[in-house]
Amino acid sequence: MTSYLVKRLLSVLPTLLLVSMLIFGLQQLLPGDPAKILAGEEQDPNVVAYLTAKLHLDEPLPVRYGYWIAGVVQGDLGESVRTQLPVLSLILQKLPVTAELAFLAMCVAVLIGIPAGIASAVGRGTVWDYAANVFALWGLSTPNFWLGILMIMLFSVHLGWLPASGFVSPTEDLLGNLASMAMPAFVLGNAIAAVLMRHTRSAMLQVMQSDYVRTARAKGLDERTVILKHALRNALTPIITLGALEFGTLLSGAVLTEQVFTIPGFGKLILDAVFNRDYAVVQGVVLFTATTYIMLNLMADMAYFWVNPRLRR
Amino acid sequence: MTFKPQKYLLLPLALFMALGQGVASAQTLRIGLAEDPDVLDPTLARSFVGRVVFASLCDKLFDIDEKLNILPQLASSYEWSADSKALTLKIRQGVTFHDGEKLDAAAVKFNIERHKNLPGSNRRGELAPVTTVDVIDANTVRLNLSAPFAPLLAQLTDRAGMMVSPKAAQAAGDKFGSNPVCSGPFKFAERVAQDRIVLEKFANYWNKDAIHFDKVIYTPIPDATVRLANLKSGQLDFIERMASNDVENLMKDKKYKVSRITEIGYQGITINVGKSEQAKKNPLGRDAKVREAFELSLDRQGLAQVVMDNEALIGNQWVAPTNTYYAKNVPMPKRDIEKAKALLKEAGVVKPSFTLMTTTASDAQRLAVVIQAMTRDAGFDVKIQTTEFATSLNMADKGDFEAYVLAWSGRPDPDGNMFSFHGCKQPLNYAGYCSAETDALLNQSRAERDPVKRKKIMEQISAQVLKDRPVIYLYHRNWLWAYNGKLAGVRNIPDGLLRVTGLKMAP
Amino acid sequence: MSQSLSYTAWLRLRRRPSALIGLAVVIGFILLAILAPYISPQDPIATSWGAIRKAPSAAHWFGTDEIGRDVLSRVIWGTQASLMAGVISVSISLLIGVPIGLLAGFVGGTVDAIISRITDAFLACPFLILAIALAAFLGPSLTNAMVAIGISAAPIFVRLTRGQVIQIKVEDFVEAARSVGNPPWRIALVHILPNILPPLLVQATLAIAAAVIAEASLSFLGLGQQPPAPSWGSMLNTAKNFIEQAPWMAIWPGLSIFLLVLSFNLFGDGLRDALDPRQR
């Protein structure tokens, strides 16, 4: 077990290095001269020259990578050329927002997906199965930017129940914060609900045919206890590990949902930086979120291993 | 009325929110922007949207009014020397910066020099002819020029005329933008990138009686539909750049007001006539007759109608027909398919084909598609190539295009709409147009301060440039502002920037 | 063995109505795409200045868009773009992902370690960001969007294939094949590959659904199908600006995406159940 743990931890570093090279390389692929794009409307040649020097654009690729990585190792992720704000402070400003959105979306996903999965597994072949299927899948089948716009039109403009966009800090105004997160969390959670439903369903189906459940039934326990107390508990393990991975994906920022609802999280930050060719921001944020994702991955694997003694050998 | 149980459940929630908003809205002005501003340092700033924030944050030497006249702001009066090579300014007395420092002639000198010398300064080109600045006395400063420069006053109505606190600027160096210290009616409080910029009332503002808000919050919301939704749901008091198709419906709602201001910029099509080898490879770039035929196959009013829902004033020059400097000797042609076909025949191309490059912005794309359909009647085969903005800029810069849908936000002095575009090798001359006569005329118009004489020179420039058609000017869009009907004192200034002075929210 | 598996699978599939409905709808859309030139009432790119944003009527069953084009015709023709986006992107993912995964799982050792690290790195980056960067690099067009989505989704298939190969290669029949003297490439292609197809097929079906949405997302950002050619995603992108004045511009393409993706999802889920050897 320990040797596995050590092996996995050791593999994190090369993966992160590869991530840094991947995201750095991708930025360089983007067409256009970032100095010209960041030079704004007037395209003053002095400004272009200044930015070219500042971004080391004249120097060869490996050198530029070297500058960046050297900074990262020392904790300096550079600054946004467009706004001159340090990347690290941008990340720290937006982390709570993205984390909250991810958490709320997971809540929505769990509240919809797990019961739907249980209903589908228990009522297999019946109309419940079909209904639960469609109910959970509809979120996965609608583009989230599309659902978002429809919801804004309905709930904000026509009914006036929820704010159309923006983010209110929970420390300032908790209710306002929840109101502003309600729609985006729902839109995001919907899609994940389907994935959770599928896994809950297949895990439940598997467990329900196991000896463990047959014994519980033979003991004379009522069906409800059998399902909720015994079957579900055993089915939860793969569901939890999956949930952790989905949470990790959410932490990378929900690019389009944040765009539509103007939630100032990672997704919006990265998207705007890609279009503005603000390399440092894209590289810094993706490196950060990739690290988080890999760590969550690792923890999920550890949990799975720990719970499943057979794999420990 | 049907029973809606949900509404009762959310009533306490709504009450909470309404309470929270009600208390704030009496003193806070919430403005929705179309983009997130870039760096908040007037010397380094490079975007239009940043200027919207500067309008509340940083006062400038001069301002403009609805008719583009120069008004005093930080400078109370000005005087040109006889040879037009020196501009003497009298600085308003008793003005302080947000940090309490005095705004005097020395501060103005510091700022002009900062604009000229700070590495990365975007103002150097705007103040290029200014060589030295002399402090005559505590409230008088003189800018010395290497040559007469008529657009100078207009430059001083924008970022080049903005004054920052020398003490704060020296302390912060080029990091000044994260905590700007200016002398406008509101001072910088907080910025969360892509979320909000919060400004608080400056108690010692020289014109504080005209300021009726305690706070201004700017929120960037790039999607126009969502921005409008925010206004309608009460989260914002004012939005800029509303979509043209939303105007009709909003004007029916008495709760809101709409401002429609013809811009000082334009929407046009830039044609590669000499920027690269590609110019010679297609008939449009090669032959002025083909370009003329192209212009004649366009119905400008139809374009304004379909693309902008008529929220635009059609024009054929870089200034609008209502502008003083519009050259009446180059009138707007009407659509004439027969003449277009005849010209094409003369030029020897019956079915000219070229690629029209456009960005992904919705109105630019719409424009391209409509042009494609319109010009087909004369035989043009227009292919549309969409790229994202950054890529299109790159291609334009390299001359890797044939025609490009490009707009310009405009400057109060017509020089700002023509020099950089039609002067040989100037940075915004994507067309690659180059003519020695035009260059000479452009320089003459810069040196001529007398408006009557200047207009004559500009008429010559217009005649010269427009017959070659490196750019085909289509129309001047309306700045579309939508705001809470209770907001009074909104001044419709053609640069598209909201001034907070005099704004009041009725109870 | 594989023959009887697919027959049993087909029997089981037939008993799940949701999967059959999904399959039927998918086939319906495929027919729509193929027959578009014949059944589309009007030219999808024909503009009409007089009929801008007209509500649905007898002349235009789905209404017209912001420059007077018939929405129904554009929806029908748009089926081609969406189906191609789905199928071709996933085909690219399979063509790249399966061989690499096969290699990693079969050969193991250092090769596996290197491939796994690279795959992990790709999977750690947000999918949409990868796709956007690639699409921007290649240039906005439907083809490039498909390539971008295909490349960005390939790591998922690498990981899936690798996992399956690792599980299967310790099975008895593979041992048997080896002991008989089959060369490794033959074992990989003839013995292992056919047996890992079922989960790959399921994942591919589900991936098509995701790819259709990914294309819509890229078009929403201006990086997919370019005007004036119709695609549901770019139609939604334009429609969002007119949602109050002309909701029909958005309803029909949105509904189409929803139906197509839902159908692929239902069919894919049904397929997974049908092919799962663990279920009776």
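A residue is buried if 20 or more other C-beta atoms lie within 10 Å of its own, exposed if 12 or fewer, and partly exposed in between, with C-beta atoms placed from the backbone. By that count, 51% of the 313 residues of chain A are buried. This is a predicted model: local features need pLDDT of at least 70, side-chain atom pairs count only at pLDDT 80 or more, and totals for chains, interfaces and linings use all residues. Residues are numbered from 1 along each chain as its sequence is written, while chains are lettered from A and ligands numbered from 1 in the order in which they are written.

**View 1. Chain A has 13 helices and 0 strands.** Helices (H or I, at least four residues) and strands (E, at least two) are DSSP runs, numbered from the N terminus. The C-alpha trace of chain A spans about 85 × 60 × 35 Å along its principal axes. Two residues are in contact if their C-beta atoms, placed from the backbone, lie within 7 Å. Take the contacts in chain A between residues at least 6 apart in sequence: 70% of them join residues at least 24 apart.

**View 2. L250(A) sits in helix α10 (residues 223–251) of chain A.** L250(A) counts as buried because it has 27 C-beta neighbours inside 10 Å. Leaving out residues up to four places away in sequence, L250(A) touches A102(A), A105(A) and L188(A). M106(A) is 144 residues away from L250(A) along the chain, yet their C-alpha atoms are separated by 8.8 Å.

**View 3. The largest nonpolar core has 333 residues.** A nonpolar core is a set of buried Ala, Val, Leu, Ile, Met, Phe, Trp, Tyr and Cys residues joined through C-beta atoms within 7 Å. A105(A) and I270(A) have the most contacts inside the largest core. Its largest share, 19 residues, comes from α8(A).

**View 4. R277(A) has a positive phi although it is not a glycine.** The phi value is about 55°. R277(A) lies in the loop between α12 and α13 (279–307) of chain A. R277(A) is buried, because 26 other C-beta atoms lie within 10 Å.

**View 5. L68(B) is a residue other than glycine with a positive phi.** Its phi is near 70°. The loop that holds L68(B) runs between β2 (62–64) and β3 (70–72) of chain B. L68(B) has 18 C-beta neighbours inside 10 Å, so it counts as partly exposed.

**View 6. Chain A meets chain B through 45 residues of chain A and 42 residues of chain B.** On the chain A side, two or more residues each come from α2 (34–38), α3 (45–54), α5 (87–122), α7 (144–158), α8 (174–208) and α12 (266–276). The largest share, 5 residues, is from α3(A). Ala, Val, Leu, Ile, Met, Phe, Trp, Tyr, Cys and Pro count as nonpolar, Asp, Glu, Lys and Arg as charged, and the others, Gly among them, as polar. The side of chain A that touches chain B has 22 nonpolar, 13 polar and 10 charged residues.

**View 7. The contact between chains B and C takes 19 residues from chain B and 20 residues from chain C.** On the chain B side, α6 (224–232), α11 (300–308), α13 (362–375) and β16 (381–386) each supply at least two residues. α13(B) gives the largest share, 6 residues. By class, this side of chain B has 7 nonpolar, 10 polar and 2 charged residues.

**View 8. Helix α6(C) has a kink of about 30° at A153(C).** The bend at a residue is the angle between axes fitted to the seven residues ending there and the seven starting there. The kink comes shortly before the proline P155(C). Of the 27 residues of α6(C), 19 are buried.

**View 9. Confidence in chain B is lowest in helix α1 (residues 5–25).** pLDDT is the predictor's confidence in each residue, from 0 to 100. Helix α1 of chain B has a mean of 49, whereas strand β11 (residues 238–239) of chain B is highest, at 97. Over residues 19–25 of chain B the pLDDT is below 50, and this stretch has 3 contacts in the model beyond near neighbours in sequence. The mean pLDDT of chain B is 90, and 95% of its residues reach 70 or more.
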